[in-house]
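Dear colleague,

I am passing on a structure that you have not worked with before. Please open it alongside this message, and then read on for what was found in it.

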Amino acid sequence: MQSLNVDFQQNFFRLFGLSECYLLDNAQLDLQYHALQTRVHPDKFAHLPESERRLSMQWATRVNEAYQTLRRPISRARYLLSLHGVDTQEETNTAMPVDFLMAQMEWREAVEAAQQSGDIGQLEKLESRLQQEVQYLQESLAVKIDHEHSYAAAAEGVRKLKFMEKLAEEIASAYDEIDS
Amino acid sequence: MALLQISEPGLSAAPHQHRLAVGIDLGTTNSLVATVRNGISVVLNDSDGRSLLPSVVRYLSDGTVQVGTAAQKMQSEDPVNTIISAKRFMGRGLNDIGDTVGLPYRFVESPSHGQGKSTGMLQLRTVAGVKSPVEVSAEILKVLRSRAEEALGGELVGAVITVPAYFDDAQRQATKDAAKLAGLNVLRLLNEPTAAAIAYGLDNASEGVYAVYDLGGGTFDISILKLSKGVFEVLATNGNSALGGDDFDHRIYCWLLEKNNLSALNAQDTRQLLTRARSGKEDLTKNVETTFTAILTGGETINSTLTQHDFHVMSQNLVANTLQSVRRALRDAGLKVEDIKGVVMVGGSTRMPQVQHAVAEFFKQTPLTNLDPDKVVALGAAIQANVLAGNRSADDWLLLDVIPLSLGIETMGGLTEKIIPRNSTIPSARAQEFTTFKDGQTAMSIHVLQGERELVSDCRSLAKFELRGIPPMVAGAARIRITFQVDADGLLNVSAYETGSGVQAHITVKPSYGLSDAEITRMLQESNQHAQDDMVARALREQQVEGEQLIEAVENALDQDGEALLSPSELGHIRSAMDELRAILQTGNHLAIKRAITGLNDATVTFAQARMDKSVSHALGGRKITDLEEV
């Protein structure tokens, strides 16, 4: 029997036929994702034997996991680094440059102030500025990972992005609070 | 056979008859059944030409059941035994219902969890005994099933049943259990807004991001979907599974009580006024004012006039509540109002002018209403059923839906830890490792919850999963890997094994608001007029059908890929398992058939894997997975 022996441990990038880079063509990723799900999704197997339905579930789940990991910059970076044996230590390593931490405190205070006064306009401004900051961080990550291959340095970049992600969540909560 | 027909567009399913499958909209107020006939999705009518079946079930003392219009006619006369809007009780406990004033039923608190009976779902005491909302819903489904089988002239292969997108696991499982009681094979539980999008999408075939605003009798959903080249992708969904047209009725009902200085009405008067409230509400859609007249059982007369304006004011916060959910969904999708290409209105309650106005104003565009808001969900479900039954796969379209609420587990200190976040595309899985607390511990209990909050008490308890059979070890030595899998129906399955020994843990599910397998079996037996004989005959036929379908599926697979992917001996092995099943199908021995089916399934496992690999590599443009290199 011709066996392709697909390994479920296989690399997410390979699954989508993409090169292992931080910079990624999202449109290309989406196309590959759709092409794959079209083949493996449980809806295509609803009337087929149990053995095939089970396989379909495993595959579709795996494809979803791979897609979700690669489409978001932070999870993609984290994953790439793990492929190179580098753990981003987001939970354990909280040592950050002082100026970064100071900036974080200022951000937090600004979000809280905007929430207290119910200032949606201000929240929107903060959100927009945050998106810009995230953009800079991502560009710097791309350089560190794809060009310099300095993965340890990139790990710090990911930790910074994680802080930014938490800030984005706080802004979302602030919107929610004002809304209710 | 979807896998293979993708490479041969235009061909329909292998030469056998069209499989009979339907889409069912099990609504709070009305239910419908639809099917695809001659390539068009149509709603099936009853013998009087009516398409809507009121979701009303009446229990009589002689044990008979009335469903639909006949039951509805008696609702004011017999309010205690005429159950309306049972959907609002599916997977819900008594505490969830809150204000039972205005609900004329006799509620029964279910025995508490852990005393042998696991259900926390409320029940209703009727003249025919205590009934679960699941049984009530099953009666509605039975009627729709007969309607369909009569109209289509044969037995159904399965049905797609729709549920509100915001339904949690317990509500979904209850729906599936109702289908089981009604003898329906559920092909898929489909989210209502997604079903509506399918009905609209295939009609209009227009790419972009759409919002589906679905306000039914008892539930509200908002889904944001992206439609691109035949792919329906849900970006985010939000809603309120306890907000619908009924609540608008309730506002009017409370106003009537206040206006007429009434309080503590009996069941008949309550039902009468609620019914008046509903028709008055509908009247106010077209008219500037409406008058409520009624004579109560005590002789008091009601004669009150309500203006459209006042109704809009009193229901304002209900509409505002829906828009709050809409804003959340947009935020989760990372989108703004400007990004939405079109808004689809679904559900009878979207006929209310204040709702249409509020939605149009919010989205800054006129909502699409060209398809009947009462029928669009059933029509979409039928289209999906047609695909899932295997009738149609030439048009490659894909549905990617999401789980609406985060799944989490209880950790120390009454906190929840999210395992699968809301709006994750399904199917989805996450694994988590746990260890033992005491030396020699062989069992473990995991409490799973749904919701966004941090405290266990603020989330919805789903179930307790009890794991047994952990090899006894020193405390902390065991590595139990628990996998949480959400399937395409949005239902959770849990599996666990000890990574050191590879021992699979045995899991018992204790649903917090659901029925146990034993309870379902009991209900099945009770509902069966002819008890034992019929059950046995039915079980046998089900196995025979399953066996026939399996043989057919394997034959097709062999036709397509047998030569390319199998060695002569592997092929022989599969063929002999098939021959064995064929022979046993004739015998009428239910257990032997079951064994032979398992035998054939086992024989085709590696073949199935090879076919999947081939299909996946086609998707990646013909490169073999193992050949992929860094570009």
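**Two helices of chain B**

In this predicted model, Val319(B), Leu323(B) and Val326(B) of H10(B) meet Gln354(B), Val355(B), Ala358(B) and Phe362(B) of H11(B). Sorted by class, the residues of this contact are 6 nonpolar and 1 polar, with no charged residues among them. Helix H10 of chain B covers residues 316–333 and helix H11 of chain B covers residues 353–363, and the two pack at an angle of about 35° with their axes 10 Å apart. The crossing in which H10(B) passes H11(B) is right-handed.

**A sheet in chain B**

Chain B also has an open sheet of 3 strands, placed in the order E8-E9-E10 with antiparallel pairing. Strand E8 (107–108) and strand E10 (129–131) of chain B are at the edges and have a single partner strand each, so one side of each is left without a neighbour in the sheet. Strand E9 (residues 123–126) of chain B is joined to E10(B) by 3 bridges in the antiparallel sense, and Leu124(B) has Lys131(B) in E10(B) as its bridge partner.

**Where the chains touch**

The contact between the chains takes 39 residues from chain A and 53 residues from chain B. On the side of chain A that touches chain B, the elements giving two or more residues are helix H2 (26–40), helix H3 (50–71) and helix H7 (151–179) of chain A, and H3(A) gives the most, with 9 residues. That side of chain A divides into 17 nonpolar, 13 polar and 9 charged residues.

With best regards

Definitions and conventions
Residues are numbered from 1 along each chain as its sequence is written. Chains are lettered from A and ligands numbered from 1 in the order in which they are written. This is a predicted model: local features need pLDDT of at least 70, side-chain atom pairs count only at pLDDT 80 or more; totals for chains, interfaces and linings use all residues. Axes are lines fitted to C-alpha atoms, for helices over the stretch in contact, and angles run from 0 to 180 degrees between N-to-C directions. Helices (H or I, at least four residues) and strands (E, at least two) are DSSP runs, numbered from the N terminus. A crossing is left-handed if the near helix is turned anticlockwise from the far one by less than a right angle, and right-handed if clockwise. Two residues are in contact if their C-beta atoms, placed from the backbone, lie within 7 Å. Ala, Val, Leu, Ile, Met, Phe, Trp, Tyr, Cys and Pro count as nonpolar, Asp, Glu, Lys and Arg as charged, and the others, Gly among them, as polar. Two strands pair if DSSP finds at least two bridges between them.
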